[in-house]
Amino acid sequence: MSDFKWVLVALVMAGAGPLVVASYQFLLVGWHFRRLHYSKCAPIFPRTAILIPAWNEAAVIGASVDRLMRLEYPRDCLRVFVIDDASTDETPLVIQAKAAQYPGAVFQLRRDVGGQGKAQTLNHGLERILADGWMQAVLIMDADVIYEPDSLRLMTRHLADPQVAAVTAYIKEGSRPGNYLTRFIGYEYITAQAAARRSQNVIGAIACLAGGAQLHSRANIEALGGRIETGSLAEDTVTTFKTQLRGARVVFEPHAVVLAEEPGEIRALWKQRLRWARGNLQVTRQFWRVWFRPHSGHRLGSVSFGLFWFSLLLQPIFMITASASLVTLYFIDQSLAWHAFHALWITNVLAYVFITAYSLMIDPRTGRHVWREAILFPGLISVVIMLAAIAPAPLRFLAYHALDYLGASALRGYGAEVELFTYIWLAASMGVAYLGKLAENRFLGRFTSPLLIYIGGYGPLLCAVTCAAYVKELRRADASWDKTEKTGKVAISA
Amino acid sequence: MMPRESRPPSSFDDEVRSAVSYEKGLAVKALIALAIVAVLIAGRLLGF
């Protein structure tokens, strides 16, 4: 076999790379019980200032403040600062009402000029709370998130260890009633939060303190210069990296649960995830000296962390090159293409089954709501291809009988076309998912858009967002802060 | 200044025990998920 064919086969198999890395990440979850931080925890209640940046959050801010006032935390150790970023709706009035309802516990900080981004808004609040010595810890959260009553105290107990500078919680999708998209996000958060963050605890490097739940010690905020970096779309990730790069430890507390309202429309999801993906590309560039360079002072340079980071960031590239290589192989060595395709998809199906089954067991409560979306996360066609890879004989039997039943036996002769289609699908799935976005606001979009996402896959939709982020960053497109709209659909009983 | 400590230690210990138990359970669940994968591999090798 020529070198060129070997290269193509290698590129095809690289298409399974992200799922193989994800499987490794999930295996580490099973080792989490050996890396727990509880032996260094204590039931402490530092005086905590809660910072909530708010721009036009009238629909959600009142309920969020009420929930905070019901936290299982000493009231005299808690102060809520809502930083009104020059809202134009009823937000200031809601905050004033809450400040009157909870005197000495809720404060309004008003910015006269807003719209400069979340980091600028937070810095306004940080400046205020650092001005006196009351605050021992600061919790940065979003206006729409709802903290379960025990969540804050479950987080603060880690600050008893002086090595720990920051703690984050398990963000769960909490919209009720939800829709197909929020269920996909619900499943995604099991994988990206409950599972991935546990594995990051195991390797000792956390990728991101979730923007909706980041608890910092005062010492950490001061060590960071008392400010959040304003030049990035991923200010929470930058803060997380800087904290760890100075040798401090960051911990994920999986039993502290915070519910967030996530987008129920692809248009809003696309906007949010594009910001995140572009932020991650900016972080990749900003910390380019960190990657794959093990360091005694932190674990961000570990090979494992680098694999986790880049397998997600480069997943669309792996998918496109795998598809392109398969198609090229198809035209120069059809038999080899078929074998490479099988090896790729059998690897994919084993990883998919392990990750899906394990995810649903990691958070069975959420899993009961989202199991259909978990199964269809890669898209219906990908699931069928995986079934064909792992059980070709039964699937062929079923397909032939279905064609006979439908009176379409003549289609059996299109095997080569079907083969080529399946080779292209890995890349094409992103296009179909993108069509789901385009269809959303068109005629019958309410039906066609979800259908296209179920067929193309939610995973491929996220990959399409990452592709868009590549393009935006390459073009150095405007990187202004674009806030996700919230309507107050989170329910604590979720 | 040291942060205030006001929760009864026994409750804290119970919570930690419960969390550790949950995390150990995740190790068992990982083995179950791996067993499902093993069954798939066996099925494939046996000629499905």
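Does A:Ile332 count as buried or exposed? In this predicted model, A:Ile332 is placed in helix α12 of chain A, which covers residues 315-332, and the residue counts as exposed because 12 C-beta neighbours lie inside 10 Å, where 12 or fewer is the limit for that class. Between A:Ile332 and A:Ala277 there are 36 Å in space, taken from C-alpha to C-alpha, for a separation of 55 residues in sequence.

The secondary structure of chain A comprises 19 helices and nine strands. The radius of gyration of chain A is 24 Å, which agrees with the value near 23 Å that a compact globule of 494 residues would have. The C-alpha trace of the chain extends over about 75 × 55 × 40 Å along its principal axes. Of the 494 residues in chain A, 52% are buried. When contacts in chain A between residues at least 6 apart in sequence are considered, 83% of them join residues at least 24 apart.

Two domains divide chain A, with domain 1 formed by residues 3-16 together with 310-474, and domain 2 by residues 24-292. Their centres, taken over C-alpha atoms, are separated by 34 Å. To the contact between them, domain 1 of chain A brings 28 residues, and domain 2 of chain A brings 23 residues. On the side of domain 1 that touches domain 2, the elements of chain A that give two or more residues are α13 (334-362), α14 (364-375), α17 (415-439), α18 (445-456) and α19 (458-474), and α19(A) gives the most, with eight residues. By residue class, this side of domain 1 consists of 14 nonpolar, eight polar and six charged residues.

The largest nonpolar core contains 150 residues, and those with the most contacts inside it are A:Ile50 and A:Val258. Helix α13(A) gives the most to this core, with 15 residues. Because domain 1 (3-16 + 310-474) and domain 2 (24-292) of chain A both give residues to the core, it lies between them. For A:Val258, when neighbours within four places in sequence are left aside, the residues in contact are A:Val145, A:Tyr147, A:Ser151, A:Ala169, A:Tyr170, A:Ile171, A:Gly212 and A:Ala213.

Eight strands of chain A are arranged in an open sheet with mixed pairing, and their order is β4-β3-β2-β5-β8-β7-β9-β6. The edges are held by β4 (106-110) and β6 (146-147) of chain A, each of which has a single partner strand, so that one side of each is left without a neighbour in the sheet. In general, the strands of a sheet pair through backbone hydrogen bonds, in either a parallel or an antiparallel manner. In chain A, strand β2 (residues 48-54) runs parallel to strand β3 (residues 78-84), and the two are joined by seven bridges.

The secondary structure of chain B amounts to one helix and one strand, and buried residues account for 8% of its 48 residues. In the contact between the chains, 25 residues of chain B meet 28 residues of chain A. On the side of chain B that touches chain A, β1 (4-5) and α1 (9-45) of chain B each supply at least two residues, and α1(B) gives the most, with 19 residues. This side of chain B is made up of 17 nonpolar residues, one polar residue and seven charged residues.

How values were computed
Residues numbered from 1 in each chain as written. Chains lettered and ligands numbered in written order. Predicted model: local features only at pLDDT ≥ 70, side-chain atom pairs only at ≥ 80, totals over all residues. Helix = DSSP H or I, 4+ residues; strand = E, 2+ residues; numbered from the N terminus. Rg over C-alpha atoms; globule rule 2.2 N^0.38 Å. Buried ≥ 20, exposed ≤ 12 C-beta atoms within 10 Å, placed from the backbone. Contact = placed C-beta atoms within 7 Å. Nonpolar A, V, L, I, M, F, W, Y, C, P; charged D, E, K, R; others polar. Domains from an automatic or database assignment. Core = buried A, V, L, I, M, F, W, Y, C linked by C-beta atoms within 7 Å. Pairing = 2+ DSSP bridges.
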